[in-house]
Amino acid sequence: MRRLLKVEKKKLFSNTYINETHKKVDRSLRIIILVSILLGFIISITRFPMKSVWYLEPWFFFVPLSGFY
């Protein structure tokens, strides 16, 4: 269908930034989210299993980021 309409395939994840500020903010947010997921996971596994904190669970970070809110 794309060949027939002569339309280029759009990339699922692109690294096109509007300007340098956009690039810095995007990278900062990615690092902050990654660190918070790892920190939450480490804190969760060191606690007693029945006393887990729901906002430190790794799934808690993925649900808002996935668009299911």
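## Surface and burial

Of the 69 residues in the chain, 10% count as buried.

One piece of the surface is worth a stop: M1, L4, L5 and V7 make up a nonpolar patch there, and together they have about 500 Å² of accessible area.

## Overall layout

The chain has 3 helices and 0 strands. Read from the N terminus, its elements follow the order α-α-α. Helix α1 covers residues 2–5, helix α2 takes in residues 20–46, and helix α3 spans residues 58–66.

L5, one of the members of the nonpolar patch, belongs to helix α1. Its relative accessible area is 54%, and the cut-off for exposed is over 50%, so L5 counts as exposed.

K6 sits in the loop between α1 and α2. With a relative accessibility of 77%, K6 is exposed too, because that value is over 50%. The backbone of K6 also deserves a look: its phi is near 55 degrees, a positive value in a residue other than glycine. Most residues other than glycine have a negative phi.

## Helix α2

Does the length of α2 fit, or does it disagree with, what its residue count predicts? At 1.5 Å a residue, its 27 residues should span 39 Å, and the C-alpha atoms at its ends are 39 Å apart, so the two values agree.

The N-terminal end of α2 is capped by N19, which places a side-chain oxygen 3.3 Å from the backbone nitrogen of T21. Further along, the buried residues of this helix are I37, G40 and S44.

## A salt bridge within the helix

How many salt bridges does the structure hold? The count is 1, and the partners are the side chains of R30 and D26, with 3.1 Å from N to O. Both residues lie in helix α2, 4 residues apart, which is about one turn of the helix.

## Confidence

Over the chain, pLDDT averages 77, and 72% of the residues score at least 70. Where in the chain is confidence lowest, and where is it highest? The lowest mean, 63, belongs to helix α3, while α2 has the highest, at 85. Where pLDDT is low, the predicted coordinates should not be read in detail.

Technical notes: Residues numbered from 1 in each chain as written. Predicted model: local features only at pLDDT ≥ 70, side-chain atom pairs only at ≥ 80, totals over all residues. Heavy atoms only, no water. Helix = DSSP H or I, 4+ residues; strand = E, 2+ residues; numbered from the N terminus. Expected span 1.5 Å × (residues − 1). Buried < 20%, exposed > 50% of the residue type's maximum accessible area, 1.4 Å probe, protein only. Polar contact = N/O pair within 3.5 Å; in protein donor to acceptor, adjacent residues only side chain to side chain. Salt bridge = Lys/Arg side-chain N within 4 Å of Asp/Glu carboxyl O. Patch = residues over 30% accessible without salt bridge, like charges linked within 9 Å, V, L, I, M, F, W, Y side chains within 5 Å. Areas by Shrake-Rupley, 256 points an atom, 1.4 Å probe, with all protein chains shown as cover. pLDDT = per-residue confidence, 0-100.
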